[in-house]
Amino acid sequence: MDEGYASLPTSHLLGSVPAVLAPDERKSGATAEVGNAAATSRLQQFPPAPGANGGGYQPPRNSLDGDVETQTSWKGYFNVATYTPYFNVDTDVVVDRLVSSVYPMDGFFRKIDANPDMYGPLWITTTLIFMLAAFGNFATYLMQRKTELNIWNFDVGYFNWAASVMYGYAIVVPAAFFFLFQYFGSRPSLVRFWCMWGYSLFIFIPASILLLIPVEFLRWLIIAGAGGASSWFIALNLKECTEGAADLMALIASASVLQFALALFIKVYFFA
């Protein structure tokens, strides 16, 4: 190395580096300084606003929005978050819907239009299953206690029949009518159908208690009244759902008849 360069101080060499940088290198250096300044300013904000690159704080979304995977992939059907909104309902809302199911003129379908729930239908159906099995056996005992007490036994098969028929009816029948209505040009909601049919079974819970009366004539009156009210409830809400379309009246009538047939099945099998 030349003696002249060797005698130069180190600080002089370092100070001369910017003077030999190319224009492109100076531009990239300035860009880096601006980026560092922007990053520093973002770090001073909490929560930082989302940037153009998608970074930054993202607020939690409402459970009704669902997960991206839930909305776009079949895997969402196996995600608990998919069904959470249908069980997020207050007790007073459920009670109000129970009252509306007994009083069909109360505009039940309008109440569930914005927020249908599965909490009420699930527990209504489950409660009805246990009540039919228990009270059906007890009603048989009351009818036979004076004459055939020695041959009476608790029939566990009532639970199997009650669970199969009630769960099957509450799931399959609304789904079947959903596809039928769609086939004939209507655009119903399957969840709302499940909700409506589930609440339509509530009237059979107090009816099953009254059917313990060991008087056959009164039993037929009770089940006829419960079946008629439940059928009328289904008919009114289906008519409101379809906006009174004349070409769908046959489907509405068949749904009402099927509901009354369920009432007759309850009487004949569990309270004969």
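The largest nonpolar core of this predicted model has 54 residues, and those with the most contacts inside it are Phe193, Met196, Trp197, Phe204, Leu238 and Ile266. At least two residues of this core come from each of helices H6 (91–102), H7 (108–113), H8 (119–144), H9 (157–183), H10 (190–200), H11 (204–210), H12 and H13 (249–270).

**The chain as a whole**

- Read along the sequence, the secondary structure of the protein chain follows the pattern α-α-α-α-α-α-α-α-α-α-α-α-α.
- Of the contacts in the protein chain that link residues at least 6 apart in sequence, 70% join residues that are at least 24 apart.

- Ile266, listed with the residues that have the most contacts inside the largest nonpolar core, is in contact with Leu132, Met166, Phe204, Ile223 and Phe271 once its neighbours within four places in sequence are left aside.

**Helix H8 against helix H9**

- The axes of H8 and H9 cross at roughly 145° and come within 9 Å, and the crossing in which H8 passes H9 is right-handed.
- On the side of H8 the contact is made by Thr125, Thr126, Leu128, Ile129, Phe130, Leu132, Ala133, Gly136, Asn137 and Thr140, while H9 contributes Tyr158, Phe159, Ala162, Ala163, Met166, Tyr167 and Ala170.
- Sorted by class, the residues of this contact of H8 with H9 comprise 12 nonpolar, five polar and no charged residues.

**Helix H8 against helix H10**

- H8 also packs with H10, here at an angle of about 35° and with the two axes 8 Å apart, and the crossing of H8 and H10 is left-handed.
- Gly120, Pro121 and Ile124 of H8 make this contact together with Trp194, Cys195, Gly198 and Tyr199 of H10.
- The contact of H8 with H10 has five nonpolar and two polar residues, and no charged residues.

- Ala170, which lies in helix H9, counts as buried because its relative accessibility is 12%, a value under the cut-off of 20%.
- Apart from its neighbours within four places in sequence, Ala170 is in contact with Thr125, Trp194 and Leu201, and Thr125 is also one of the H8 residues in the contact of H8 with H9.
- The C-alpha atom of Ala170 is separated by 9.6 Å from that of Tyr199, although the two residues are 29 residues apart along the chain.
- Pro174 also lies in helix H9, and it counts as buried because its relative accessibility is 0%.
- Not counting residues up to four places away in sequence, Pro174 touches Tyr169, Leu190, Phe193, Trp194 and Trp197, among them Phe193 and Trp197, which are listed with the residues having the most contacts inside the largest nonpolar core.
- Pro174 and Trp194 are 20 residues apart along the chain, and their C-alpha atoms are separated by 5.7 Å.

**Asp117 in the loop between H7 and H8**

- Asp117 has its place in the loop between H7 and H8, and with a relative accessibility of 1% it counts as buried.
- The side chain of Asp117 reaches the backbone nitrogen of Tyr119 at 3.3 Å, and a polar atom of that side chain lies 2.8 Å from the backbone nitrogen of Gly120.
- When the neighbours within four places in sequence are left aside, Asp117 is in contact with Tyr86, Val89, Arg97, Cys195 and Tyr199, of which Cys195 and Tyr199 also take part for H10 in the contact with H8.

**Arg219 in helix H12**

- Arg219 is placed in helix H12, which covers residues 216–241, and it is buried, since its relative accessible area is 0%.
- The backbone oxygen of Phe271 is reached by the side chain of Arg219 at 3.4 Å.
- Arg219 touches Ala139, Met143, Leu211, Leu212, Ile213, Pro214, Lys267, Phe271 and Ala272, with residues up to four places away in sequence not counted, and Phe271 is also one of the residues in contact with Ile266.

Note on methods:
Residues are numbered from 1 along each chain as its sequence is written. This is a predicted model: local features need pLDDT of at least 70, side-chain atom pairs count only at pLDDT 80 or more; totals for chains, interfaces and linings use all residues. Side-chain values use heavy atoms; hydrogens and water are left out. Helices (H or I, at least four residues) and strands (E, at least two) are DSSP runs, numbered from the N terminus. Buried means under 20% relative accessible area, exposed over 50%, partly exposed in between (1.4 Å probe, protein chains only). A polar contact is a pair of N or O atoms within 3.5 Å; within protein, one must be able to donate a hydrogen and the other to accept it, and residues adjacent in sequence count only if both atoms are side-chain atoms. Contact means heavy atoms within 4.5 Å. A nonpolar core is a set of buried Ala, Val, Leu, Ile, Met, Phe, Trp, Tyr and Cys residues joined through side-chain atoms within 4.5 Å. Axes are lines fitted to C-alpha atoms, for helices over the stretch in contact, and angles run from 0 to 180 degrees between N-to-C directions. A crossing is left-handed if the near helix is turned anticlockwise from the far one by less than a right angle, and right-handed if clockwise. Ala, Val, Leu, Ile, Met, Phe, Trp, Tyr, Cys and Pro count as nonpolar, Asp, Glu, Lys and Arg as charged, and the others, Gly among them, as polar.
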